[in-house]
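Good morning, everyone, and thank you for letting me take a few minutes of the meeting.

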Amino acid sequence: MIQNGVACHTGRKTCFFTDIKSGVIIDCTLGYAGHSSMILDSNPEITLIGIDQDQSAIDFSTSRLLKYGNRAIIKKGRFSNVIKEIINEYGIKNIKGILADIGVSSLQLDQKDRGFSYDSDNLDMRMDKDSTLSAREVINTYSNADLEKVLLEYGELRNYKKIASAIVTNRPFTSAKTLSDTLKPLLPQGKKIHPATLLMQAIRIEVNDELGELKSLLKTIKDSNFIDTKVAIISFHSLEDRIVKQTFTSWSKKCICQAEAMRCECSKNNDIGKILSKKPIIATNEELKENVRSRSAKMRVFHIRTK
């Protein structure tokens with residue numbers, strides 16, 4: 001069940017974390033502890049470590065997880081950095097599960113002062129309020145060329161040049177609402193999502209270095225040589241999902257020789273485990289009725305083998 005966060009698909013009654021009897025599970029994106037609460041309930045003997053860079057989320061989750069006592073530990077910071085500290089402290093043999101729900105949380109979207117929503121009167125989008133770079137700086141100070149790069153690479157907007165030019169012409173902007181309203185004629189007019197969705201996505205990714213964080217997390221996991229660890233990544237757009245899919249595929253390859261090689265010279269022993277989800281796991285119709293925002297969620301799961 002993607003929206004409730006136990007890395008579980010209700011249709012097949014398959015929960016990827018519920019068979020973990022002991023050790024540590026890391027929730028790299030604690031948020032408001034929806035995932036963490038269910039993991040702790042489903043795994044009564046494990047210790048869960050939740051990571052978040054948003055202090056408001058940490059304050060909320062600290063109270064929510066209080067009933068679990070010392071089984072729930074919260075650490076503040078970017079998960080790409082904090083996970084290294086956790087590995088050093090608890091050891092690779094004790095870490096049995098890693099979950100990351102990439103992207104902005106529903107409550108962050110709903111808090112208009114955070115500037116994540118297209119109708120917000122603010123223009124911020126920082127997941128960590130202590131960060132120096134905000135959406136306001138990106139929109140009002142980036143050069144035309146830099147804006148084009150952000151819009152193309154992170155928003156995959158076809159008319160990125162016209163949009164970047166319109167931003168430069170009409171700035172300064174002080175609110176997400178004014179920005180989205182001004183650019184609306186140039187944005188894709190879909191039926192399912194707001195026209196400004198990809199624009200806001202592109203800016204948010206730039207502000208929080210979301211793709212860089214994801215790549216760093218996956219590299220740390222690969223380099224750490226975990227033993228019998230399940231990794232579940234939930235993504236919400238194609239850029240993230242592509243990174244996860246390609247990474248998990250590379251992790252599962254036994255042979256890494258070049259395609260033009262006459263014969264294998266790598267011993268065919270380069271895989272570190274196997275993919276548990278042949279296709280991305282998506283929300284069921286029942287889950288979509290409860291939470292429409294889960295419609296874009298895709299979860300991929302990998303099991304790092306026992307050495």
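This is a predicted model: local features need pLDDT of at least 70, side-chain atom pairs count only at pLDDT 80 or more; totals for chains, interfaces and linings use all residues.

Residues are numbered from 1 along each chain as its sequence is written, and side-chain values use heavy atoms, with hydrogens and water left out.

Let us start with the overall picture. The protein has twelve helices and nine strands, where helices (H or I, at least four residues) and strands (E, at least two) are DSSP runs, numbered from the N terminus. Its C-alpha atoms fill a box of roughly 60 × 60 × 40 Å, taken along the principal axes. For 307 residues, a compact globule would have a radius of gyration near 19 Å, and the protein, with 20 Å, agrees with that; the radius is taken over C-alpha atoms, and the globule rule is 2.2 Å times the number of residues to the power 0.38.

How much of the protein is buried? Buried residues make up 49% of the 307 residues, where buried means under 20% relative accessible area, exposed means over 50%, and partly exposed is in between, with a 1.4 Å probe and protein chains only. The accessible surface comes to about 15300 Å², and 50% of that belongs to carbon and sulfur atoms; these areas come from the Shrake-Rupley method with a 1.4 Å probe, and for residues only the protein chains shown count as cover. If we take the contacts with a separation of 6 or more, residues 24 or more positions apart account for 67% of them, a contact being heavy atoms within 4.5 Å.

In helix 1, residues 34-42, the buried residues are His 35, Ser 36, Ser 37, Ile 39 and Leu 40. Among the elements that cover them are strand 3 (24-27), strand 4 (47-52), helix 2 (55-64) and strand 7 (229-235).

In helix 2 itself, Ala 57, Ile 58 and Ser 61 are buried. Seen down the axis of helix 2, these buried residues fall within an arc of 95°, so they line one face of the helix; the arc is that of the directions from the helix axis to the C-beta atoms. They pack against strand 4 and strand 5.

Let me turn to the backbone. Most residues other than glycine have a negative phi, and most peptide bonds are trans. With that in mind, please find Pro 172, in the loop between helix 7 and helix 8, where a cis peptide bond joins Arg 171 and Pro 172, with omega about 15°. Glu 156, in the loop between helix 6 (144-155) and helix 7, has a positive phi near 50° and is partly exposed at 38% relative accessibility. Asp 228 has a positive phi of about 55° although it is not a glycine; Asp 228 is found in the loop between helix 10 (210-223) and strand 7, and counts as partly exposed at 30%.

Finally, I would like to show you the part around helix 11. Lys 245 has its place in helix 11, residues 238-251, and is partly exposed, with a relative accessible area of 45%. In the loop between helix 11 and strand 8 (273-275) we find Asp 271. Is Asp 271 buried or exposed? Asp 271 is buried, with a relative accessible area of 8%, and, not counting residues up to four places away in sequence, Asp 271 touches Trp 251, Ser 252, Lys 253, Lys 254 and Arg 305.
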